[in-house]
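Subject: Structure for you to look at

Hello,

Here is the structure I promised to pass on. Please open it and keep it on screen while you read.

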Amino acid sequence: MAKRVAVIGSGVSGLTSIKCCLDEGLQPTCFERSDNIGGLWRFTEKVEEGRASIYRSVITNSSKEMSCFSDFPMPEHFPNFLHNTRFLEYLKLYAKHFDLLKYIQFKTTVISVRKCQDFSTTGQWIVITESNGKQVSATFDAVMVCIGHHIESYVPLQSFPGIEKFKGQYFHSRQYKTPEGFEGKTILVVGMGNSASDIAVELCQRATQVYLSTRGGSWVMSRVYDNGYPWDTVIHTRFSNLIRSSLPWTLLKWVTEKKMNEWFDHENYGLVPQNRCAPG
């Protein structure tokens with residue numbers, strides 16, 4: 001009898017986990033608390049407790065060639081970098097192609113996962129789920145947790161003395177959806193990662209003034225690289241990795257910084273990262 005595997009979540013990791021289980025002759029059952037697949041890539045107008053949240057304009061930072069699954073290339077007519085609706089469309093195509101939906105129980109929340117009393121000999125787990133107000137307990141030979149890592153927001157208010165007296169609005173980027181409502185405002189975006197940069201650029205079109213704060217600086221690069229190719233298809237090749245691994249560290253550092261400064265001189269904007277040795 002095939003071993004039973006519980007898969008929690010039906011986002012990118014959950015869907016591929018179901019597929020891999022089937023490839024190995026296992027019997028997967030996926031539990032999804034919402035009513036559809038997609039996880040992070042399924043945009044909702046409101047932030048939902050317990051699941052990742054994205055803003056309406058999110059576009060992938062990696063190209064379709066680097067983002068697709070090895071056994072299911074993206075359609076040729078898809079753009080190099082995908083809007084979140086397109087990436088969700090791809091996930092739905094993937095699920096349909098490999099007939100994965102029949103293994104997913106939607107609107108089902110996992111309440112607890114614990115070891116069986118005879119776990120030392122069986123290695124089995126007891127999974128308790130809830131759907132429509134009814135709890136069900138089932139035993140599985142393995143559990144794959146595929147809930148992602150963007151569910152909880154971290155706002156270190158202790159790092160902002162006097163924040164309790166601030167009369168303006170403050171929140172984590174997880175709460176951000178669209179630039180509407182920020183007209184005429186002066187905004188500080190703390191951080192300079194992908195989301196912070198995206199949001200700052202978008203808010204600039206509506207707000208009176210937007211400040212972008214970075215503690216350690218960052219290399220800023222375009223999605224479009226040499227000769228118009230997506231950046232990751234140029235950088236992440238076997239040949240490029242061979243060249244980088246062959247160069248002396250000081251030379252590699254010099255070449256990297258020179259390349260990063262071709263678009264604009266980071267020194268002029270005070271953006272040279274403290275960790276100068278690598279992009280990002």
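Below is what I found, starting with the whole chain and moving on to its parts.

**Overall**

Please bear in mind that this is a predicted model. The protein chain has eight helices and nine strands. Its C-alpha atoms fill a box of roughly 65 × 55 × 40 Å, taken along the principal axes. Of the 280 residues in the chain, 33% count as buried.

Strands of a sheet pair through backbone hydrogen bonds, either parallel or antiparallel.

Now look at strand 2 (27-31). Strand 1 (residues 4-8) pairs with strand 2 in the parallel sense, over five bridges. Find Val-5, and you will see Pro-28 of strand 2 standing opposite. Strand 2 also pairs with strand 3, again in the parallel sense, over two bridges. Here Cys-30 has Ile-104 in strand 3 as its bridge partner.

Is strand 2 largely enclosed or largely open? Four of its five residues are buried, so strand 2 is largely enclosed by the rest of the structure.

**A buried arginine**

Follow the chain on from strand 2. Arg-51 lies in the loop between strand 2 and helix 2 (64-67). Its relative accessibility is 8%. Buried means under 20%, so Arg-51 counts as buried.

Three strands form another open sheet, in the order 4-5-6. The pairing here is antiparallel. Strand 4 (109-115) and strand 6 (134-140) stand at the edges. Each has a single partner strand, so one side of each has no neighbour in the sheet. From one strand to the next, the twist averages 20 degrees.

Strand 4 and strand 5 (residues 125-131) pair in the antiparallel sense over six bridges.

Next come two loop residues. Most residues other than glycine have a negative phi, and most peptide bonds are trans.

Lys-107 has a positive phi, near 50 degrees, and is not a glycine. Lys-107 lies in the loop between strand 3 and strand 4. Is Lys-107 buried or exposed? At 54% relative accessibility, Lys-107 counts as exposed. The cut-off for exposed is over 50%.

Asn-227 also has a positive phi, near 60 degrees. You will find Asn-227 in the loop between strand 9 and helix 6. With a relative accessibility of 75%, Asn-227 counts as exposed.

**The second largest pocket**

Now turn to empty space. Rolling a probe the size of a water molecule over the atoms shows where such space is left.

The second largest pocket has a volume of about 1400 Å³. It is lined by 49 residues. Which of them are closest to its centre? They are Trp-219, Val-220, Met-221, Ser-222 and Met-260.

What kinds of residue make up the lining? The residues divide into 30 nonpolar, 13 polar and six charged.

Last, select Leu-203. This residue is found in helix 5. Its relative accessibility is 3%, so Leu-203 counts as buried. Leu-203 and Tyr-90 are 113 residues apart in sequence. In space they are 29 Å apart, C-alpha to C-alpha.

Best wishes

Note on methods. Residues are numbered from 1 along each chain as its sequence is written. This is a predicted model: local features need pLDDT of at least 70, side-chain atom pairs count only at pLDDT 80 or more; totals for chains, interfaces and linings use all residues. Side-chain values use heavy atoms; hydrogens and water are left out. On a 1 Å grid over the protein atoms alone, a cavity is a set of points where a 1.4 Å probe fits but cannot get out, and a pocket is an open set with protein on both sides within 12 Å along at least five of seven lines; lining residues have an atom within 4 Å of a point. Grid points are joined across faces, edges and corners, and a volume is the space filled by probe spheres set on the points. Ala, Val, Leu, Ile, Met, Phe, Trp, Tyr, Cys and Pro count as nonpolar, Asp, Glu, Lys and Arg as charged, and the others, Gly among them, as polar. Two strands pair if DSSP finds at least two bridges between them. Axes are lines fitted to C-alpha atoms, for helices over the stretch in contact, and angles run from 0 to 180 degrees between N-to-C directions. Buried means under 20% relative accessible area, exposed over 50%, partly exposed in between (1.4 Å probe, protein chains only).
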